[in-house]
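Colleague: Could you take me through how the helices pack, how the strands are arranged and what surrounds the ligand, before I look for myself?

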Amino acid sequence: MIMQTIEFKELKSVNNPNSIHGIYPYRGKISAIDAEMIIKQLPKETKLLDPFCGTGTIVYEAKKLGLNSYGVDLNPIAHIIANGKINIPENINQLAKDVIDLVDKAKKLENVNEMNEDAKRHFHLQTANEIMRVYTFFNEMNDYVKSCFFGAISLTARGCNGYLWTSTSVGKDKPEKDYINFYEKFLQKVRKHHYPVNHYESEVYLGDARNLSKIFKPDTFDFVFTSPPYFDCLDYTSYYTKIVYNIMDYNRLEIKSNLIQNFKNYENDMQKVLNELYIVCKTGAKIIFVVGDKKIHNKLINGAEFFNKISPFKTVDIVERTYANTSSKVFDDINKTERKEQIIVWEK
Ligand SMILES: C[S@@+](CC[C@H](N)C(=O)[O-])C[C@H]1O[C@@H](n2cnc3c(N)ncnc32)[C@H](O)[C@@H]1O
């Protein structure tokens, strides 16, 4: 495939609060502005894979821009949200009516399960009760509505604590909780994040990137674009997700232990993923990895060097950027580090 070089610009701002991606505050979400800028340069109707798709930012943006896009993630909440984004029902009036009916049924319930204690401590008791009422009907929701449900839980947890939580203080509780009407926030989310996307092919799988060739046939993809689990091994089951998992009584620690999370095995795991990518990519495919520096024991490890050592692909380009105004920047300010982000482009 003939293609010009891809350009990667420095980003000043990474947030667009009025996009579909504000549906849920997932940890480590890639900037949709960045994803869009990169995907715009890729040829339409090609096949793109994000093997660590999280909540589907890249998958959604690629579909929106006319590519056929596929994603894989091993964190169930991320899978539901990514699937919700690419399958939003088009008729918002009907959808809102269905959700209003669901809320009405929830309000009338006579018996409601108690919220798990670890989650309950973050909420006003009445808000917690409303969440559990709606949760009773969880299995009747489609994945888009489930995503709004998760998003509304996060928003009300923050609201019950005076909207004071920041990216570094999620879970820091105020002793007296404020009452936030969960039903209202839930409905607002359903309306606010309603951005149905076109009908280009798109699918996300709950699966392991170390076993991609079990999901996809060899020589399938023209492009891979991903931000892999971070070098400093962020916990993708913590933060607001921990609250959601506690409410749903999911075994969070088991989910966590299956993710690429542990720095000791990181190199082996990533090598497995890269070898699997080699199988499922076409010859000539371009593989774009957004990585970054890692500070271990006061030593800065360069992300691009680390990945190049274990990659079976030919390096085409490495672009280094300073972090835009994100939690990575906050981390750097707190820890007095000056880490950089690198975008690697490989070719098979
Ligand atoms: C940096 S995040 C990607 C975030 C995503 N770009 C977004 O915007 O939401 C890395 C993702 O890798 C996932 N992950 C970790 N180990 C995995 C594995 N073995 N297979 C598939 N996904 C995995 C995590 O659950 C997390 O969602």
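**Helix packing, sheet and ligand shell**

Modeller: In this predicted model, H7 and helix H8 (residues 182-192) pack with their axes 8 Å apart, at an angle of about 130 degrees.

Colleague: Are H7 and H8 parallel, perpendicular or oblique to each other?

Modeller: The angle between the axes of H7 and H8 is about 130 degrees. Angles from 65 to 115 degrees would count as roughly perpendicular and those over 145 as roughly antiparallel. H7 and H8 are therefore oblique.

Colleague: Which residues of H7 and H8 meet, and how many of the residues in this contact are nonpolar?

Modeller: From H7 come Val 145, Cys 148, Phe 149, Gly 151, Ala 152, Leu 155 and Thr 156, and they meet Phe 182, Lys 185, Phe 186, Lys 189 and Val 190 of H8. By class, the contact of H7 with H8 has two charged residues, two polar ones and, as the number you asked for, nonpolar residues to the count of eight.

Colleague: How does H7 lie against helix H10, roughly parallel or roughly perpendicular?

Modeller: Helix H7 (residues 143-160) packs against helix H10 (residues 240-247) with the axes 10 Å apart and an angle of about 115 degrees. Since 65 to 115 degrees is the range that counts, H7 is described in relation to H10 as roughly perpendicular.

Colleague: Which residues of H10 take part in the contact with H7, and how many residues of that contact are polar?

Modeller: H7 contributes Phe 150, Ile 153, Ser 154 and Ala 157, while H10 contributes Tyr 240, Ile 243, Val 244 and Ile 247. The residues of the contact of H7 with H10 divide into seven nonpolar and no charged, and the number that are polar is one.

Colleague: What is the handedness of the crossing of H2 with H3, and which residues of H3 does H2 meet?

Modeller: H2 passes H3 in a right-handed crossing. On the H2 side the contact is made by Val 59, Tyr 60 and Lys 63, and the residues they meet in H3 are Ala 82, Lys 85 and Ile 86.

Colleague: In what order do the seven strands of the open sheet run, and which are the edge strands?

Modeller: The sheet has mixed pairing, and its order is S3-S2-S1-S4-S5-S9-S8. Two of these strands pair on one side only, which identifies the edge strands as strand S3 (202-206) and strand S8 (314-322).

Colleague: Which helix and which strand each supply at least two residues of the shell around the ligand, and which residues come nearest?

Modeller: The shell around the ligand comprises 14 nonpolar, six polar and four charged residues. Helix H2 (57-64) and strand S2 (68-73) each supply at least two residues of this shell. Of the 24 residues around the ligand, those that come nearest are Phe 52, Gly 54, Thr 57, Asn 75 and Ala 209.

How values were computed. Residues numbered from 1 in each chain as written. Predicted model: local features only at pLDDT ≥ 70, side-chain atom pairs only at ≥ 80, totals over all residues. Near = placed C-beta within 6 Å. Helix = DSSP H or I, 4+ residues; strand = E, 2+ residues; numbered from the N terminus. Nonpolar A, V, L, I, M, F, W, Y, C, P; charged D, E, K, R; others polar. Left-handed = near helix turned anticlockwise from the far one by under 90°. Contact = placed C-beta atoms within 7 Å. Axes fitted to C-alpha atoms, helices over the stretch in contact; angles between N-to-C directions. Parallel < 35°, antiparallel > 145°, perpendicular 65-115°, else oblique. Pairing = 2+ DSSP bridges.
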